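Hi,

Here is the structure I promised to pass on.

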Amino acid sequence: MRLDIYYYFLVVLCSIFTFGIFFTMIYLAAKYRKIEGVDRPSVPLESLVLELTWTIIPFFMLLGLFFWGTWLYADYLNEPEGGVEIDVVAKQWMWKVQHSNGSREVNDLHVPVGRPIKLTMTSQDVLHDYYIPVMRVKQDVVPGRFTRLWFEATKTGEFHIFCAEYCGTEHSYMIGTVTVMTQEDYALWLEGGPKKSPQEAGEFLFTQMGCITCHSGRKDARGPDLNGIFGAEVTLTTGDPFTRDEEYLRESIMESTKKIVDGYTPLMPSFKNQLTDEDVMNLIAYVKSLKGESE
Ligand code: CUA
C-alpha cells in the first residue's frame with residue numbers, strides 16, 4: 001500500500017513535468033512563430049536567479065524521493081519476527097519449494113494468510129528473479145548465494161509468480177501460482193490432506209510436486225504426456241527400443257536423466273532425495289492408472 005502511494009506519486013509527478021514542459025514548448029512555438037510577426041525581445045543570456053531556482057527546487061524534490069524510497073526499502077529489509085520459513089531453489093526453468101516440514105512443491109507456493117512468509121532462495125544454475133506482483137515483492141535469485149524475500153498476504157486466493165530475469169529459452173514459462181490459504185487449510189495442506197488410496201495419493205503428489213506442470217498432456221508441454229505410457233514401447237535417445245515398465249518409471253523419477261525417450265531433452269530434475277519409496281510407489285500407481293489416449 002505504502003509502495004503504491006510512492007509509485008503513484010512518481011507517476012503523477014512525472015506526468016506534471018512531462019505535460020508542463022510539452023505544453024509550454026508547443027505554446028511558445030506557436031506564439032513566436034515567424035508568421036505571427038511578434039516582436040521577439042532580445043533574450044537575456046544569463047539569469048542567476050532563474051538558474052538557481054531550477055537547480056535547487058528539483059534537487060530537493062529528487063532528494064525527497066530518494067529518502068522516501070530509501071525509507072520504504074529499509075523498512076522492508078526489517079523483517080518481522082516469526083512467521084513461516086520456506087526454501088526456494090530456482091532452476092532452468094522451474095521454482096522448487098520446500099516447506100519447514102519437508103513438504104515440497106514445484107512452481108506452486110502454498111502459504112497461510114496473515115503471517116509473514118519468509119523465503120530463503122538460491123539458484124542451481126543462472127540468475128533468476130522471484131516476483132510476486134500482487135505482494136509487491138521481487139528479489140534476484142542468485143547461484144552460490146542466498147537471498148531473502150518476505151511478504152504477508154492479507155487475503156486468500158491464487159496469485160501469479162513470475163521469473164523477472166531473462167534466464168534462457170523458457171524464461172517466460174518459469175511461472176507459478178501462490179495459493180494463499182486460511183491458516184487451518186494451510187496446516188491441513190502441510191499434513192498432506194486426508195488418507196487416500198495409492199492412486200489418489202499419487203495423483204495428489206503429481207500435483208503437489210509439480211509433475212503436472214511439465215506432464216500436463218497439452219501439446220506445448222515440456223514433458224511427455226503420461227497417458228497410456230505404462231507398458232508402451234518407445235525408442236530411447238541411444239536408439240534402443242525399450243518397454244516402459246515399473247522399474248523404468250521408478251528410475252525416471254529418481255534418476256530422471258538416465259533413460260531419455262527420443263525427441264526429449266533431459267530437463268527433468270531428479271526427485272531422489274525428495275520422495276520416499278512409498279511416494280514413488282504411489283506415483284507409479286497413478287501413472288499406471290492413466291489410460292487416456294496419448295497424443
Ligand atoms: Cu528464471 Cu527467467
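A quick definition before anything else: I call a residue buried under 20% relative accessible area, exposed over 50% and partly exposed in between (1.4 Å probe, protein chains only). Bear in mind that this is a predicted model, where local features need pLDDT of at least 70 and side-chain atom pairs count only at pLDDT 80 or more, while totals for chains, interfaces and linings use all residues. Residues are numbered from 1 along each chain as its sequence is written, and side-chain values use heavy atoms, with hydrogens and water left out.

Glu251 first. With a relative accessible area of 10%, Glu251 is buried, and its place is in helix α6 (residues 246-254). Helices (H or I, at least four residues) and strands (E, at least two) are DSSP runs, numbered from the N terminus. The side chains of Glu251 and Lys259 are joined by a polar contact of 3.0 Å; that term is for N or O atoms within 3.5 Å, where within protein one must be able to donate a hydrogen and the other to accept it, and residues adjacent in sequence count only if both atoms are side-chain atoms. Leaving aside residues up to four places away in sequence, Glu251 touches Ser256, Lys258 and Lys259 (contact means heavy atoms within 4.5 Å).

Next, strand β10 (residues 176-181). Five of its six residues are buried, so β10 is largely enclosed by the rest of the structure. On the parallel side, β10 pairs with β4 (residues 108-112) over five bridges, with Asp108 opposite Thr177. The antiparallel partner is β9 (residues 157-163), again over five bridges, and there Gly157 stands opposite Val180. Strands count as paired if DSSP finds at least two bridges between them.

Some backbone spots to check:

- Gln92 and Trp93 are joined by a cis peptide bond, with omega about 0 degrees; Trp93 sits in the loop between β1 (84-91) and β2 (94-98).
- Asn107, in the loop between β3 (104-106) and β4, has a positive phi near 70 degrees without being a glycine. Asn107 counts as buried, at 5% relative accessibility.
- Arg136 also isn't a glycine, yet has a positive phi of about 60 degrees. Arg136 lies in the loop between β6 (128-132) and β7 and, at 43% relative accessibility, counts as partly exposed.

Which of these would you like to look at together?
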